[in-house]
Amino acid sequence: MQTPAHSALWKTYLLFLAPMVLSNFLQSMSGTVNSIYIGQMLGTQALAAVSGMFPIIFFFIALVIGLGAGAGVLIGQAWGARESHMVKAIAGATLLLGVLIGLVAAVLGSVFARQALQGLGTPADVLDDAVAYARVMMWTLPVVLVYVLFTQLLRGVSDTLSPMLALLLSTVVGLALTPAFIRGWIGLPQLGIQSAAIAGLVGTLTSLAWLSWRLIRKGHPLAPDREFFAALRLDGAILGKVLRIGLPTGVQMIVLSLSELVILALVNQHGSQATAAYGAVTQIVNYVQFPALSIAITASILGAQAIGAGRLERMGSILRTGLWINVCLTGGLILSGYLLSHWLLGLFLTEDSTRAMAEHLLHIMLWSLLIFGFQAIIGGIMRASGTVLVPVGVAIICVLGVQLPAAYWLDGQFGLQGVWMAFPIAYLGMLVLQTLYYTRVWKHQKIERLV
């Protein structure tokens, strides 16, 4: 039987999680629909030109998400200790650093866009369009990075509803304006390949304005008021702690992204049918993996708040609750994935043989996302105390030292399905190592506030 404290913790988790999971869904859907707009209304070449920018944009977004993860832990601890002035100081320093990163990226990106895209191997027939799109995207980056960072910081004070509503507004505005700019509807200029970038900027600015109004009206601890703007300064002590926790997380995201490119290169060797199957399976896996990552983020924030409040005895309950929610939520999605795999893959693949291949590959690794969730939650709990190098190091070692070598070896032994067998092997390795470090080392350390 659950105690009242247990029930309250489940409720806190779910209230925190629901908006975050919906936000992840909205982000995925927005990218998918924009790609459909560009591909259908401007053609395949336009879609290829837009796609070439992704690795560059992802690098800066990964860096900022890392900063947000570090700042989120510090804000969570300060919020748990009821120190609102410190919450503002951490947010102000982090946001100002985010703005500076965005401005540097905008200047360098616009100047060296052609060289960067040539270095990435952008086909010559779409290079000019890709450069034009890249320059617009890079100049929108300061606003985009501030938006991504600010919505992350709000989660540190347990506000996941405001970021979700803001994302819903920016998604609706952006998706409405993209085709309007492409076709020049209602007197708007026809912007061609740059339509999605400009529409996204308008959506983000609209969303930021609405979010500021909402936070000020509610007297939110991170409302952009006079005290908040006074906190916009580069505090070296605060930023040192933010970077110590956040940079490894950003590096981990970049390494994981690069490893996916290696896996894709392996898959591509098996032909276009295998590549199409990979793309379809990845779409489904992402929708299962996002909730698992959201549970880990929730565990980290709740753990940080408990540390800030001096309630260290709650850490075990937060971990156990997160693991059980992973069983229920991620496990339920995995079960649905197995039961509905034929229908779901049919949304992306029309050729029966390719769909059958994708279904087989999905069935090989889908169950292991439950293991992925377990290790992410254990790592999230440790991150709440500022312990980040070992959890991140474990993830990177298991990807570079286990998954990639296993994928190459198993590919030689079993063909394409061997590549997918490497995912469960890597996730099991992560879980074993994270659990060993948690039980043998972290639990015996003295946990202290960072701010």
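Which residue forms a salt bridge with Lys446? In this predicted model, where local features need pLDDT of at least 70, side-chain atom pairs count only at pLDDT 80 or more, and totals for chains, interfaces and linings use all residues, the partner turns out to be Glu448, with the closest N and O atoms 3.3 Å apart. Residues are numbered from 1 along each chain as its sequence is written, and side-chain values use heavy atoms, with hydrogens and water left out.

A salt bridge here is a side-chain nitrogen of Lys or Arg within 4 Å of a carboxyl oxygen of Asp or Glu. Searching the whole structure turns up five of them. Lys446 comes out at 70%, so it counts as exposed, while Glu448 has 47% and is partly exposed.

Another of the salt bridges joins Glu83 and Arg449, whose closest N and O atoms are 2.9 Å apart. Glu83 sits in the loop between helix H3 (54-80) and helix H4 (84-111), and Arg449 sits in the segment after helix H16 (416-440), so this pair ties together parts that are 366 residues apart in sequence. The helix names come from DSSP runs, numbered from the N terminus: helices are H or I runs of at least four residues, and strands are E runs of at least two. Glu83 is partly exposed at 23%, and Arg449 is partly exposed too, at 30%. A further salt bridge links the side chains of Arg311 and Glu313, at 2.5 Å from N to O. Here Arg311 is partly exposed, with 41%, and Glu313 is exposed, with 54%.

Next come the helices. Two packed helices are described by the angle between their axes and the distance between the axes. The axes are lines fitted to C-alpha atoms, for helices over the stretch in contact, and the angles run from 0 to 180 degrees between N-to-C directions. The axes of H4 and helix H10 (residues 236-268) come within 10 Å and cross at roughly 70°. That makes H4 and H10 roughly perpendicular to each other; the cut-offs are under 35 degrees for roughly parallel, over 145 for roughly antiparallel, 65 to 115 for roughly perpendicular, and oblique for the rest. On the H4 side, the contact (heavy atoms within 4.5 Å) is made by Met86, Ala89, Ile90, Ala93, Thr94 and Leu97, and H10 brings in Ile238, Leu239, Val242 and Leu243. Sorted by type, the residues of this H4 and H10 contact are nine nonpolar, one polar and no charged. In that sorting, Ala, Val, Leu, Ile, Met, Phe, Trp, Tyr, Cys and Pro are nonpolar, Asp, Glu, Lys and Arg are charged, and the others, Gly among them, are polar.

H10 also meets helix H11 (residues 272-308), with axes that come within 8 Å and cross at roughly 145°. Glu260, Ile263, Leu264, Val267 and Asn268 of H10 make this contact together with Ala274, Thr275 and Tyr278 of H11. The contact of H10 with H11 divides into five nonpolar, two polar and one charged.

What about single residues? Ser385 lies in the loop between helix H14 (368-383) and helix H15 (389-414), and at 11% relative accessibility it counts as buried. The Ser385 side chain makes polar contacts with the side chains of Thr387, at 3.2 Å, and Trp442, at 2.9 Å. A polar contact is a pair of N or O atoms within 3.5 Å; within protein, one must be able to donate a hydrogen and the other to accept it, and residues adjacent in sequence count only if both atoms are side-chain atoms. Leaving out residues up to four places away in sequence, Ser385 touches Gln77, Ile307, Trp442, Ile447 and Leu450.

Gly380 belongs to H14 and is buried, at 1%. With residues up to four places away in sequence left out, Gly380 touches Ala296 and Ser300.

Finally, a look at the backbone. Arg82, in the loop between H3 and H4, has a phi near 60°, a positive value in a residue other than glycine. Arg82 is exposed, at 63%. Ile186 also has a positive phi, near 45°. This residue is in the loop between helix H7 (161-183) and helix H8 (195-217), and Ile186 is exposed, at 81%.

Methods: Buried means under 20% relative accessible area, exposed over 50%, partly exposed in between (1.4 Å probe, protein chains only).
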